[in-house]
Amino acid sequence: MAKKIAIVTDSNSGITQAQAKELGLHVLPMPFMINNETYYEDITLTQDQFYERLAQGADVITSQPSPDAVMKLWDELLVEYDEIVHIPMSSGLSGSCQSAMMLAEDYDGKVAVVNNQRISVTQRQSALDAMQLAGRGMDAAQIKKFLENDKFNSSIYIMLDTLYYLKKGGRITPAAAALGTILKLKPVLQIQGDKLDAFAKARTISQGKSIMMNAIRSDMEKRFGGVSSDNIWLQIAYTYDINAATQLKEEVAAQFPGFDIHMDPLSLSVACHIGLGALAIACCKKID
C-alpha cells in the first residue's frame, strides 16, 4: 500500500496559508524581526504592513524558522502521515535548509528534506510537483531524489527598481550601488541553482523586460527542450506593485502565446533584500 505523504514548504514559496489548505499542502511561516519585534509572514504580518514598514525605513531582518516550530509541525503531521517531504527555500539564500536537514536526522528517515535550491514561484512549483509525485505512489526518499535531480530545470530573472536594499544587506558594494543609482540603472539578477548573481544592466524598464524575456526564451530553447507550454511552466513574480506586474504579464503573454502564466508576489524574505518595485520572470520544466 502506498505511503501517506505530507508535503511541507515555507512561505518563501509564495503559497499563502489559505492556498495551502486548498491545495492540501503545509506552509511554515518565515519569521521576521522588525525593529526587534518578531512577526510571521501571512500570520501576524501582511504584505501591505511589511511594505509600509520597509518604506518607513524600519530595520527588517529575516530569520529562519526555529527548530521548535519545524519539529512541532513535523510531529503533528506524523500523527496522520507516514512520511514528510520538506521543501525549504534555496540553501544558497538561507541556512534554513541546512538546519532542517540536521533536525531530520532524528526522524528515522520519515522526513526527507529537499535541497533543490529554489525560491518563490519555482519553489511553489516544486511543492506542486511533490504532490503529483506522491499521487503517483512515490515515497518521501524517491520524491527528494527526483526533485534534487530536477533542480536546475528552472530559471528566474529579476529586475530591481533600486539597489538600496542590496547595499543595506551588504550584498553589493556601496560603490556599485552608488554608481547604479547615479546612472539610474535597472540591474537584472538571475537565480540559477543556489546563487543570486548579476546578469545584466538595463538603462530603462522596457529594456530590462526585454533582457528578461530574451533570457527566459534562450533557457527554454537551449536547456528545457523548446518554447512550448506542453513542457514548461511560465511565471511572474513581483514586489508590491501589482499594476506593473499585470502589465508585464500582458507583455509576456504576447511574447509567449499559449502559456498559462502564474503570477505571485515575491515572498517577504526575498523582498527585504531587493526592495519595492522588483519584477521577475521565471520558468520551470514540467515533470514528465
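This is a predicted model: local features need pLDDT of at least 70, side-chain atom pairs count only at pLDDT 80 or more; totals for chains, interfaces and linings use all residues.
**The hairpin.** On its other pairing, strand β3 (residues 31-34) is joined to strand β4 (residues 37-40) by four bridges, and the two run antiparallel. I found Pro-31 opposite Tyr-40 in β4. β3 and β4 form a hairpin with two residues between them, and in the turn Asn-35 has a positive phi of about 45 degrees.

**The parallel sheet.** I then traced an open sheet of four strands, in the order β2-β1-β6-β7, with parallel pairing. Because β2 (26-28) and β7 (111-113) stand at the edges with a single partner strand each, one side of each is left without a neighbour in the sheet. Neighbouring strands here are turned by 25 degrees against each other on average, direction ignored; the axes behind such angles are lines fitted to C-alpha atoms, for helices over the stretch in contact, and angles run from 0 to 180 degrees between N-to-C directions.

Within this sheet, five bridges join β1 (residues 5-10) to β6 (residues 83-87), and I found Ile-7 opposite Val-85 in β6. Helix α5 (residues 120-135) packs on the sheet, touching β1 and β6 (contact means heavy atoms within 4.5 Å), and its direction makes about 180 degrees with that of β1.

**Helix α6.** Which residues of helix α6 (residues 140-149) are buried? I found Ala-140, Ile-143 and Leu-147, where buried means under 20% relative accessible area, exposed over 50% and partly exposed in between, with a 1.4 Å probe and protein chains only. Seen down the axis of α6, these buried residues fall within an arc of 60 degrees (taken from the directions from the helix axis to the C-beta atoms), so they line one face of the helix. On the other side of α6 I noted Ala-141, Lys-145 and Asn-149 as exposed. The buried residues of α6 pack against β1, β6, β7 and α5.

**Strands β8 and β9.** I next turned to strand β9 (residues 186-192), which is mostly covered, since six of its seven residues are buried. Strand β8 (residues 154-159) pairs with β9 in the antiparallel sense over four bridges, and Leu-189 in β9 is the bridge partner of Ile-158.

**The whole protein.** Last, I counted eleven helices and 13 strands in the secondary structure. The C-alpha trace spans about 60 × 50 × 30 Å along its principal axes, and 48% of the 288 residues count as buried. Among contacts between residues at least 6 apart in sequence, 74% join residues at least 24 apart.

Definitions and conventions
Residues are numbered from 1 along each chain as its sequence is written. Side-chain values use heavy atoms; hydrogens and water are left out. Two strands pair if DSSP finds at least two bridges between them.
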